[in-house]
Protein chains: 2
Amino acid sequence: MIDRSARRKQIPEPTIARLPIYQRITTELLRGGQTTVSSDQLGRLAGVTAAKVRKDLSSIGSLGTRGSGYDAAALVAGIAATMGAGETWRVAIVGVGNLGRALINTRGFLTRSYNLAALIDSSPDLIGTTVAGVAVQGVEEAAASLDEPIDIGILTLPAHAAQTAADQLIGLGAHSILNFAPAVLSCPPEVRVRYVDLSIELQVLSHYARSAEAGRGGLLSSVGIQPTTAPGSADARGAARRS
Amino acid sequence: MIDRSARRKQIPEPTIARLPIYQRITTELLRGGQTTVSSDQLGRLAGVTAAKVRKDLSSIGSLGTRGSGYDAAALVAGIAATMGAGETWRVAIVGVGNLGRALINTRGFLTRSYNLAALIDSSPDLIGTTVAGVAVQGVEEAAASLDEPIDIGILTLPAHAAQTAADQLIGLGAHSILNFAPAVLSCPPEVRVRYVDLSIELQVLSHYARSAEAGRGGLLSSVGIQPTTAPGSADARGAARRS
DNA sequence: CAATGTGAACAGTTTCACAGCT
DNA sequence: AGCTGTGAAACTGTTCACATTG
């Protein structure tokens, strides 16, 4: 057994989630004719510190040139490589309600890299209809007609049906699940689940709105603690303060 | 000035995001006739460790009873109080396309606590139409007709229009923004922004799917490192392993 | 000289272990 | 005896500062 797992050290998850942002911004800059980006500019546009940009980018290899910055095209390609673009992922969506249909039709969600391999729903009213050129099937039907396993499953259905559907997706080969249902899934550890819980997002905002409200007659959370950036949320924030 | 800001110490953001999960689960248990929950059970159902549950809940006050657990009803009420439920938040949605409409119609997203105060879009085709009983307006129109400021703004529009819309929402009073557009917003620090970037979610999953694929002929990321739980994602994961 | 890459300090969360109630 | 509440330890990610390099 030689070295294997050469990828330097496993990239931290927050970094993984920021890479597509850098990629998007850099692509935009490229389109504007810019051929090189500095960590400073990238940070400003992404709402993070320049140091974070450098740490993040260094984890995918040394793509920058000291003194001048990162080559925009190389950067985009480098991020694409780490993110697994280039490959085409077979996606199945379970739940063809409002949200499912909206996702399918949202430009920029299912790009070239994602192939809608199956559209699954349990409602007899929907089975047999076609959305975006793909026929809606029941689970058994889908299982029978799929010749290759799927890679990614998306759950856009009510909470009570989520666990069953997740199990079925795993049965169809999914190793990754994007779950929009407000339910915690119990899956084997090799299956990666990401939760997008819209009602939780609103509730988190409510909580802070509540604090802000209280703050109106007292302390404002962001006054004068840090001279540079507000302590703020965990992720990207308003950039462009000074310079 | 007496004490003020009595809330023990400011609850960490990851905790804030988990509280609604505990609340949801406990509500469900209550409905099933259970009057008391242990951190262990709650953890199992929420896909987190019992210790984390206890730390999380301790940050909103001592609601548990040693020896028997948490009173389910009191727990739900306690979480509701910290999350700012009970109040009604005025929400404006900008962008009445697929996603905007889907959110409005998704049961469980805009609950009693959220009042859809304005529906804004720039398209003349949409202005004047009605969605879920609310008329779609242009921005100026909405600004003129609103008598009270809004609390929360939701952006469901293309990236290129996001910053302008965010500025307008802030102009309408928003201190919290939920941004679905794939764009980083630049907002004053007192405005709390949460990003839900669907294409990034898919890309993150792709990245891990890619690793898993490579792993098929080599190491499986979750083998034998931790005897208890897999290192897994940052948030809730498959629970119910033993016990 | 400008801007990257990175070790070291720092900060925020999670996990552990156990004292303290009931 | 059972289960919470919480300091202390461990860990993970961020920020800092600076040596390094084109």
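Guide: Two strands pair if DSSP finds at least two bridges between them. Helices (H or I, at least four residues) and strands (E, at least two) are DSSP runs, numbered from the N terminus. In this predicted model, local features need pLDDT of at least 70 and side-chain atom pairs count only at pLDDT 80 or more, while totals for chains, interfaces and linings use all residues. Residues are numbered from 1 along each chain as written, chains are lettered from A and ligands numbered from 1 in written order, and side-chain values use heavy atoms, leaving out hydrogens and water.

Visitor: Thanks! In what sense do S1(A) and S3(A) pair?

Guide: S1(A) and S3(A) pair in the antiparallel sense, over 2 bridges. A:Thr36 has A:Asp71 in S3(A) as its bridge partner.

Visitor: And what is the strand order in that open sheet of chain A?

Guide: The order is S1-S3-S2, with 3 strands and antiparallel pairing. Strand S1 (36–37) and S2 are the edge strands, each pairing on one side only.

Visitor: Which helix packs on the sheet?

Guide: Helix H4 (residues 72–83) of chain A does, touching S1 and S3 of chain A. Contact here means heavy atoms within 4.5 Å. The direction of H4 makes about 75 degrees with that of S3(A). Axes are lines fitted to C-alpha atoms, for helices over the stretch in contact, and angles run from 0 to 180 degrees between N-to-C directions.

Visitor: New topic: how do the axes of the H5 helices of chain A and chain B cross?

Guide: The axes of the two H5 helices (residues 98–105 in each chain) come within 8 Å and cross at roughly 170 degrees. H5(A) is therefore roughly antiparallel to H5(B), a label for angles over 145 degrees. Residues making the contact include A:Leu99 and A:Ala102 of H5(A) and B:Leu99 and B:Ala102 of H5(B).

Note on methods
Angles under 35 degrees count as roughly parallel, over 145 as roughly antiparallel, 65 to 115 as roughly perpendicular and the rest as oblique.
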